[in-house]
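Colleague: Before I use any of the labels on this model, I'd like to hear what stands behind them. Can you take me through it?

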Amino acid sequence: MAQKRWSLAIDDVPPSANVFMRMHFRARKKLRDSWLLMLYEARAAFIPRAREKRVVVVTRISPSPTPLDPTNAHLAVDKLILDNLVTLGILRDDSAQWCDARIRAERGRHKRTTITIWEAKK
């Protein structure tokens, strides 16, 4: 039986950890809410609720000549994407027990975030 995979694409990228942490808490909340809406609009609502551990690969594509290292990208991805996937029921929890999160950075012409999700093998 083929493993199901779901892909979401958003025409924006999460900020770096430095930018995200320097934001006022209300600005961070507003950004988190806008990412929830973008994930929902990217058809995340059609992904079945999580019952098993899932793998999530977030690819941050940016025209920047120096892509963010995964450590600097992780905080905003965790708060803007993983937490919202939990809110939508796509992930049961964003802990290591329920989610294997991987972050990649690539260079591209336009800002874009792709999120690929599949069930982890037992």
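Modeller: Strands are DSSP runs of E with at least two residues, helices are runs of H or I with at least four, and both are numbered from the N terminus. This is a predicted model, where local features need pLDDT of at least 70 and side-chain atom pairs count only at pLDDT 80 or more, while totals for chains, interfaces and linings use all residues. Residues are numbered from 1 along each chain as its sequence is written, and side-chain values use heavy atoms, with hydrogens and water left out.

Colleague: What makes β1 and β4 a pair?

Modeller: Six bridges join β1 to β4 (residues 112-119), and the rule asks for at least two, so they pair. The two run antiparallel, and Leu8 has Ile115 in β4 as its bridge partner.

Colleague: What is the strand order in the open sheet?

Modeller: The order is β1-β4-β2-β3, with mixed pairing. β1 (5-10) and β3 (99-107) are the edge strands, since each pairs on one side only.

Colleague: Which strands does helix α2 touch?

Modeller: Helix α2 (residues 25-41) packs on the sheet and touches β1 and β4; contact means heavy atoms within 4.5 Å. Its direction makes about 125° with that of β1. For such angles, axes are lines fitted to C-alpha atoms, for helices over the stretch in contact, and values run from 0 to 180 degrees between N-to-C directions.

Colleague: Why is the meeting of Arg112 and Asp11 called a salt bridge?

Modeller: A side-chain nitrogen of Lys or Arg has to be within 4 Å of a carboxyl oxygen of Asp or Glu. Arg112 and Asp11 meet at 2.8 Å, N to O, so the pair qualifies. Arg112 is in strand β4 and Asp11 in the loop between β1 and α1 (17-22), 101 residues apart.

Colleague: How do you know whether Asp11 is buried or exposed?

Modeller: Buried means under 20% relative accessible area, exposed over 50%, and partly exposed in between (1.4 Å probe, protein chains only). Asp11 has 62%, so it is exposed, while Arg112, with 33%, is partly exposed.

Colleague: And what about Glu119 and Arg54, which also meet in a salt bridge?

Modeller: Their N to O value is 2.8 Å. Glu119 lies in strand β4 and Arg54 in strand β2, so the pair ties together parts 65 residues apart in sequence. Arg54 has 1% relative accessibility and therefore counts as buried, whereas Glu119 has 21% and is partly exposed.
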